[in-house]
Amino acid sequence: MVEVVHVSQVEDRVYALNEAGKTVMYLIVGKKGGLLLDTGFGLCPLEPVVRKILGDKPFFVVNTHSHVDHNSGNNQFEQVYVGWMDEPQAHHILSQEDIRRNCDFFLQPVIARGYDPAGWTPGPAPKIIPVREGDGFDLGDIHLQVLETPGHTVGSICLWEKKKGWLFTGDLMLTWEVWGHLPTSSCLRFYAESLEKLSKLPGVKWVFPAHAATVCSDNPDDIRMPQKVIQTYVKGTWDIVNGKEKGQEYSCPMGSLSGKMQCVRFETGGMVFDPVRIG
Ligand SMILES: [Zn+2]
């Protein structure tokens with residue numbers, strides 16, 4: 001059986017669940033309970049993976065945003081929390097055509113390794129609970145606070161653990177270019193403002209992104225990023241908004257509203273944007 005989810009520890013009490021090298025979900029383990037951040041494509045049953053680490057403690061399931069590679073396993077759980085602006089999208093049911101298109105676009109590498117796509121049955125959770133700025137998840141000794149950070153999607157949220165200095169950022173910042181141009185993205189100026197808000201958090205120890213370059217590394221530094229990535233993204237994104245950087249033409253199969261996309265690369269990562277949606 002092909003390994004679909006590779007589990008590694010990236011910090012004391014934080015586990016990365018790397019699904020086929022595509023999406024990194026996280027399991028955060030508190031004294032009272034846990035929190036599963038994102039459900040990936042949901043290529044395999046996630047609850048057994050969670051139970052192996054968490055035992056029988058209760059756990060929350062939260063989505064960083066409503067994209068197919070982050071919420072398709074939601075139907076494996078009774079209820080899932082999502083940022084309120086992404087809540088409408090969280091009810092979306094993929095058509096057979098969508099499923100086929102996603103298999104072609106995202107899942108070829110894992111299918112090539114022996115995964116049978118007939119077993120992939122993505123879907124929404126029966127109950128979807130919208131969350132807002134100031135909401136939080138209490139795991140006993142660990143408290144994760146919701147930060148609204150429109151950008152990659154209008155309803156993207158980050159989770160912030162103040163005492164530990166952990167910042168879970170979904171798709172806002174990656175080690176390669178992020179997609180800020182999508183029809184579901186905010187205008188770029190709001191994206192820059194979200195990044196700037198994150199840069200003002202005191203004592204960020206680690207940034208935990210929702211994608212990593214590796215398929216199954218056990219080295220935490222292949223997944224987590226140091227605080228300075230936030231400054232890199234803040235400066236790079238404001239330079240685009242302020243017209244200092246124009247970037248290069250970029251072609252993305254997901255498309256944008258204008259059909260014309262540009263990309264600026266940063267020291268770490270980069271930004272794809274729609275030049276008519278600077279804001
Ligand atoms: Zn996304």
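# Briefing: cores, pocket and selected residues

Leaving aside neighbours within four places in sequence, His6 is in contact with Ala16, Leu17, Asn18, Val215, Cys216, Ser217 and Asp218. The model is predicted. His6 sits in strand E1, residues 5-11, and a polar contact of 2.8 Å links the His6 side chain to that of Asp218.

**Strand E1**

- His6 counts as buried because its relative accessibility is 12%, under the 20% limit for that class.
- Val5 is also placed in strand E1.
- With a relative accessible area of 12%, Val5 is buried.
- The contacts of Val5, not counting residues up to four places away in sequence, are Leu17, Asn18, Glu19, Met25, Cys44, Leu46 and Val49.
- Val5 and Cys103 are separated by 98 residues in sequence and by 17 Å in space, C-alpha to C-alpha.

**Nonpolar cores**

- The largest nonpolar core has 33 residues, of which Val5, Leu36, Leu43, Leu107 and Trp120 touch the most other members.
- At least two residues of this core come from each of strand E3 (23-29), helix H1 (47-54), strand E5 (59-62), strand E6 (79-83) and helix H3 (96-106).
- Another core, of 28 residues, lies apart from the largest one, and includes Leu167, Leu188, Tyr191 and Phe273.

**Cysteines**

- The structure holds 0 disulfides.
- For Cys263, the closest cysteine sulfur is that of Cys252, at 10 Å, so the two are too far apart for a bond; a disulfide needs the sulfur atoms within 2.5 Å.
- Cys263 is buried, its relative accessible area being 5%.
- Cys44, one of the residues that Val5 touches, has a relative accessibility of 15% and therefore counts as buried.

**Largest pocket**

- The volume of the largest pocket is about 960 Å³.
- Its lining is made up of 39 residues, and those nearest the centre of the pocket are His67, Val68, Asp69, Phe106 and Met254.
- Helix H2 (68-71), H3 and strand E12 (177-179) are the elements that give two or more residues to the lining of the largest pocket.
- Of these, H3 gives the most, with 5 residues.

- His211 lies in the loop between strand E13 (206-209) and helix H6 (228-241).
- The relative accessibility of His211 is 9%, so this residue counts as buried.
- The His211 side chain reaches the backbone oxygen of Lys22 at 2.5 Å.
- A polar contact of 3.1 Å joins the side chain of His211 to the side chain of His70.
- Residues touched by His211, not counting those up to four places away in sequence, are Lys22, Thr23, Val24, Asp69, His70, Asp171, Leu174 and Trp176.
- Asp69, one of the residues in contact with His211, is also among the residues nearest the centre of the largest pocket.

**Loop residues with positive phi**

- Arg13 has a phi near 75°, a positive value in a residue other than glycine.
- Arg13 is placed in the loop between E1 and strand E2 (14-19).
- At a relative accessible area of 18%, Arg13 is buried.
- Ala20 has a phi near 55°, likewise positive in a residue other than glycine.
- The loop between E2 and E3 holds Ala20.
- Ala20 counts as buried, with 11% relative accessibility.

**Arg113**

- Arg113 is located in the loop between helix H4 (108-112) and strand E7 (127-131).
- The relative accessibility of Arg113 is 42%, so Arg113 counts as partly exposed.
- Leaving aside neighbours within four places in sequence, Arg113 is in contact with Val2, Glu3, Ala20 and Val215.
- Arg113 and Ala20 are 93 residues apart in sequence, while their C-alpha atoms are 9.7 Å apart in space.
- Val215 is in contact with Arg113 and is also one of the residues in contact with His6.

Definitions and conventions: Residues numbered from 1 in each chain as written. Predicted model: local features only at pLDDT ≥ 70, side-chain atom pairs only at ≥ 80, totals over all residues. Heavy atoms only, no water. Buried < 20%, exposed > 50% of the residue type's maximum accessible area, 1.4 Å probe, protein only. Core = buried A, V, L, I, M, F, W, Y, C linked by side-chain atoms within 4.5 Å. Helix = DSSP H or I, 4+ residues; strand = E, 2+ residues; numbered from the N terminus. Contact = heavy atoms within 4.5 Å. Polar contact = N/O pair within 3.5 Å; in protein donor to acceptor, adjacent residues only side chain to side chain. 1 Å grid on protein atoms, 1.4 Å probe; cavity = no way out; pocket = protein on both sides within 12 Å on 5 of 7 lines; lining within 4 Å. Points joined across faces, edges and corners; volume = space filled by probe spheres on them.
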